[in-house]
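Please have the sequence and the model in view.

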Amino acid sequence: MQEPEILFEQRGCLGLITLNRPEALNALTYGMILAMSEQLDIWAEDSSIAVVAIQGAGDKAFAAGGDIRALYDAGQGGATGEKNFRFFADEYRLNVKIKRYPKPYVAIMDGIVMGGGVGVSIHGSHRFVTERTMFAMPETGIGLFPDVGATWFLPRMLTEHDRSEVAAFGLFCGLTGARLRDQDAATLLKASYLESQHLEKLVVWLATGPKELLEPRISTWRILALEEPSIDFAIDSRNHLLAASDVVHHFSKDSVGEIVSSLENCGTEWGVKQASTILSKSPTSTRIAFRQIREGAKLSFEDCMRLEYRLARYCMTHPDFYEGVRAVILDKDNAPQWSPASLDEATEEYVAEAFAHLGDEELDLT
């Protein structure tokens with residue numbers, strides 16, 4: 001008998017969620033989203049539950065995204081992309097529910113954390129990362145955009161090196177799909193660092209802690225678990241050392257074109273590599289992501305999610321998402337034929353339709 005895709009259990013005063021698709025790196029299905037939303041409502045009203053925690057099964061991933069293959073199959077190259085609208089609407093409602101949850105919500109972000117996995121973790125009141133954490137928002141590489149609340153959290157990814165209105169690190173992560181690991185992830189995601197060998201102790205502690213002291217105790221642990229983090233860290237350290245000031249210098253420019261030009265002309269191997277990475281992504285998605293992150297800095301969380309729903313509907317009815325999934329996930333030839341094929345063709349005017357209000361079809365968050 002096949003195990004459930006998502007598990008819910010009560011351990012003492014802890015409501016524990018386990019994403020249970022380790023063979024698929026715990027990617028979220030539509031059924032998992034609906035089940036989780038319903039269970040969170042139940043636990044919110046249950047006085048015996050003082051705190052909720054979420055983890056992924058296995059030691060490879062917390063959750064590597066959403067069920068992209070199901071979206072691809074349902075959309076059939078954009079011809080029936082409307083079938084996917086409900087998936088995104090309910091996923092984004094779940095993200096809002098987590099952000100506004102009335103009880104402590106602890107995300108144990110061990111292993112790969114991407115896409116949909118980010119949405120059910122980063123909005124929690126408390127976040128833990130480990131030495132195995134690998135966080136990324138690579139959506140522009142499959143013709144999508146950084147979603148599940150990235151419109152909110154990417155422009156607020158501030159460090160002491162970056163006090164601009166829109167954090168350059170958010171644009172760096174959103175445009176390149178950069179991978180953040182262990183303490184780098186802890187710093188930028190404002191999370192606590194905890195070695196993976198201690199995770200079971202964390203779960204036991206959450207389950208047994210006195211309810212009246214539980215929330216402040218988590219807060220204290222969060223502070224003690226990670227002392228003053230380093231902000232001169234190495235991202236993509238397998239190849240290059242990267243100072244935070246470099247990201248701020250290049251990714252504070254006023255357009256995608258200026259960012260790419262700055263990187264190409266900086267005279268470093270790292271800069272050329274980042275420019276090439278950006279230019280390899282869907283031009284349409286890249287234009288959308290730049291504007292999305294800039295606009296998100298000025299919006300409420302709920303308005304960020306409404307914007308993402310407009311963008312998701314646009315992407316589900318346009319060709320790049322289906323071509324990106326084909327090239328990266330299905331055929332694995334990594335040679336997508338984007339349409340339009342360049343940033344010069346995918347202009348600001350071209351993507352303006354993606355941001356247009358939907359009238360009566362706006363995402364309902366009431």
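In what order do the 6 strands of the open sheet stand? The order is S1-S2-S3-S5-S7-S10, and the pairing is mixed. Strands here are DSSP runs of E, at least two residues, and helices are runs of H or I, at least four, numbered from the N terminus. Two strands pair if DSSP finds at least two bridges between them. S1 (6-11) and S10 (192-193) are at the edges with a single partner strand each, so one side of each has no neighbour in the sheet.

This is a predicted model, where local features need pLDDT of at least 70 and side-chain atom pairs count only at pLDDT 80 or more, while totals for chains, interfaces and linings use all residues. Residues are numbered from 1 along each chain as its sequence is written, and side-chain values use heavy atoms, leaving out hydrogens and water.

Back to the sheet. S3 (residues 51-56) and S5 (residues 105-109) run parallel, joined by 3 bridges. One of the pairs is Ala-53 with Val-106 in S5.

Next, the loop between S2 and H1, where Asn-26 is found. Is Asn-26 buried or exposed? Asn-26 is buried, at a relative accessible area of 0%; buried means under 20% and exposed over 50%, with partly exposed in between, using a 1.4 Å probe and protein chains only. A polar atom of the Asn-26 side chain lies 3.0 Å from the backbone oxygen of Ala-57.

Last, the helices. His-249, His-250 and Phe-251 in H10 meet Ile-259, Ser-262 and Leu-263 in H11, contact meaning heavy atoms within 4.5 Å.

Note on methods
Polar contact = N/O pair within 3.5 Å; in protein donor to acceptor, adjacent residues only side chain to side chain.
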